[in-house]
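Trainee: I have a model open and a list of things to ask. Can we go through it step by step?

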Amino acid sequence: MTDFEIRLLSEGEQRATHEMLGRAFHDPRLTDEEWERLASAFPADRKFGAFDGDAVIGAASSFGTELAVPGGKAVPAAAVDGVGVRPDRTRRGVATALMHAQLRDCADRGEVVAYLRASEATIYGRFGYGVSARWKSLRIDTSHARFRDDAPAGGTVRLLEPDEAHELLPALYDRIGLHRPGMIARTERWWSWGHPRMIDEHVTAVHSGPDGDDGFVLYKPHDRRTLDRPEAGVALLAADLHAANLGALVGLWRFLLGVDLVGQVVAYRPLDEPIGLLLTDPRACEVTRLEDNTWLRVLDVPAALAARAYGQAAPVVIEFVDPLLAANSGRYRISPDGAERTGAPAGLRLGPEAFGMLYLGDRAPSLLAALGRVEVLNPAALPAADRLFETPLTPHCGTRF
Ligand SMILES: CC(C)(COP(=O)(O)OP(=O)(O)OC[C@H]1O[C@@H](n2cnc3c(N)ncnc32)[C@H](O)[C@@H]1OP(=O)(O)O)[C@@H](O)C(=O)NCCC(=O)NCCS
C-alpha cells in the first residue's frame with residue numbers, strides 16, 4: 001500500500017510539476033514571464049506524476065525519438081527526462097513506481113528502447129538500464145596544438161547570428177544524419193525545449209565542405225580564463241559539435257583551436273574520435289575524464305535484436321531474462337544474418353542491464369561475463385558473441401536531453 005498515486009499529468013498541472021522538479025534539481029524558481037516562455041514547450045502528455053492528493057511529489061517524462069543502432073538503422077526510442085522526487089519524499093519508492101509505469105507505457109507505445117542521461121550512476125541500474133555509451137572530456141591546449149601536414153585541410157567556417165542558427169540547425173542536423181550508434185533524432189519538441197536558450201547563449205559556427213554545409217559547433221567561453229594558466233586566455237567549451245565526415249570534423253577543430261585569445265578548448269567527445277592523432281604533439285589533446293553518457297533499457301528485445309547489424313561469427317543463442325517486461329524473456333538465436341526467437345539451448349544468459357551495455361557496442365560480452373553480469377552456459381558462445389556484437393564505431397549520443 002502506498003500513500004501516493006501514479007498517473008499522467010493533466011493539462012494545468014505542468015507548472016506545479018516544473019516547480020517540484022526545480023526543488024529536486026535545486027533550480028531557482030521561475031518568474032511568471034519565464035514560465036510563459038517555457039509553458040508551450042512543457043506539454044502534459046507523456047509526463048507521469050506521483051500525487052499525494054492534489055500535490056505532485058514526483059515526476060518522470062519522456063518524448064518519442066529515434067535511436068541509431070549499429071549497422072545504420074534507427075529504432076523508435078523513448079528519450080527519458082525530467083525524473084525527480086520532492087526532497088521530502090525521497091527513498092520511499094516514488095521513483096521506482098514512476099519508472100515502472102513509464103517503462104510499461106513506452107513499451108505499449110511500441111518503442112524499442114528507453115534512453116536517458118543519469119544525474120548519478122547509482123540510480124537506474126535497478127530498473128534495467130545499463131550504460132550504453134561513454135564519452136571522454138577533452139582539453140586541447142591551443143599553444144601546443146599544431147595539425148600534422150597530412151591531416152585533412154577542412155573547408156570553410158562561418159559564424160551565424162542566433163536567428164540564422166535557429167533557422168538552419170534543425171535541417172543541418174538532419175542532413176548530417178544519425179551516422180553513429182547512440183545518436184538520436186532531434187524532434188521538434190527537442191528543438192523547442194531548452195535549445196532556443198542554448199543557441200542564444202552560444203556562438204554558432206557552420207562548416208562547409210565540397211558538398212555544402214556538413215558540420216556545426218555551438219561554443220562559448222567555459223571560464224573567463226583558463227584556471228591553471230590564466231595568462232593563456234579563455235577556455236572555450238565546444239558544447240554541441242556534429243560533423244558529417246572527417247573533413248568537417250577537422251575543419252571545425254581547426255577553427256576552434258585558431259580562435260584568438262583562447263588558451264584551451266574543452267569538449268565531450270566519442271571515445272574513438274581521433275583528434276589527438278591529427279596533431280604534431282598528441283599530448284596537446286588531454287583526456288581529462290571518461291564517464292557514462294547515456295543509459296539504455298530495452299523494451300522490445302525481438303525488435304531491438306532484429307534492428308542492429310552483427311559481425312561475422314558462428315550463431316549464438318542468448319537467454320534473456322526480464323523481471324519487469326516479461327514478454328521479452330526467452331531465447332534468441334543471433335547470427336550475422338540477424339536474430340530470431342528460438343527453442344534451442346542457450347549459450348549465454350543475461351538481463352536488461354547487461355543488454356543495455358552491449359547493445360550499441362560499448363562493452364563486450366566477454367567483459368560482462370568476467371564481471372558476472374553475463375552468465376556463460378556454453379564457453380564457445382562467448383568469443384562468438386564478442387565478434388557478433390563488435391561495432392566499428394564507438395557509440396555516442398552528442399545530444400543533450
Ligand atoms: C534520484 C531520485 C529520482 C530517486 O527517487 P526516490 O523516490 O528516492 O527513489 P526510490 O525511493 O524509488 O529508490 C529506489 C531505490 O533506489 C535507491 N536510490 C534512489 N536514488 C538513489 C541515489 N541517488 N543514489 C543511490 N541510491 C538511490 C534507493 O535507495 C532505493 O533502494 P532500495 O530499493 O534498495 O531501497 C531522487 O532522489 C531525486 O529526485 N534526486 C534529485 C534529482 C535527480 O537526480 N533526478 C534524476 C535525474 S536523471
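Mentor: Start with a cut-off: a residue is buried if its relative accessible area is under 20%. By that rule Tyr-310 is buried, and so is Phe-389. Keep in mind that this is a predicted model.

Trainee: Which residues does the UniProt annotation "active site" cover?

Mentor: The annotation comes from an unreviewed UniProt entry. Such annotations may be inferred rather than shown by experiment.

Trainee: Is Tyr-124 buried or exposed?

Mentor: Tyr-124 lies in the loop between strand S5 (113-116) and strand S6 (130-141). Its relative accessibility is 7%. The cut-off is under 20%, so Tyr-124 counts as buried.

Trainee: Which aromatic residue pairs with Tyr-124?

Mentor: Leaving aside neighbours within four places in sequence, the contacts of Tyr-124 include Trp-295 and Tyr-129. Ring pairs need centres within 6.5 Å, and the count comes to 11 aromatic pairs. One of them has its centres 5.6 Å apart and its planes at 70 degrees, which is edge-to-face. The partner of Tyr-124 in that pair is Tyr-129.

Trainee: How many residues apart in sequence are the parts that Tyr-310 and Phe-389 tie together?

Mentor: The rings of Tyr-310 and Phe-389 are edge-to-face, 5.6 Å centre to centre, with 85 degrees between the planes. Tyr-310 lies in the loop between helix H8 (301-307) and strand S13 (316-320), and Phe-389 lies in helix H11. The pair therefore ties together parts whose separation in sequence is 79 residues.

Trainee: Which residues form one aromatic cluster with Phe-401?

Mentor: Phe-401 lies in the segment after helix H11 (381-389). Not counting residues up to four places away in sequence, Phe-401 touches several residues, among them Ile-184, Trp-190 and Asp-81. The aromatic cluster holds Phe-401 with Phe-63 and Tyr-115.

Trainee: Which arginine lies over the face of Phe-147?

Mentor: Two arginines come up here. Arg-186 lies over the face of Tyr-173, at 4.2 Å from the ring centre. For Phe-147 the distance to the ring centre is 4.4 Å, and the residue is Arg-254.

Methods. Residues are numbered from 1 along each chain as its sequence is written. This is a predicted model: local features need pLDDT of at least 70, side-chain atom pairs count only at pLDDT 80 or more; totals for chains, interfaces and linings use all residues. Side-chain values use heavy atoms; hydrogens and water are left out. Helices (H or I, at least four residues) and strands (E, at least two) are DSSP runs, numbered from the N terminus. Buried means under 20% relative accessible area, exposed over 50%, partly exposed in between (1.4 Å probe, protein chains only). Contact means heavy atoms within 4.5 Å. Rings of Phe, Tyr and Trp (its six-membered ring) pair if their centres lie within 6.5 Å; planes under 30 degrees apart count as stacked, over 60 as edge-to-face and the rest as tilted. A charge sits over a ring if NZ of Lys or CZ of Arg is within 6 Å of the ring centre and within 35 degrees of the ring normal.
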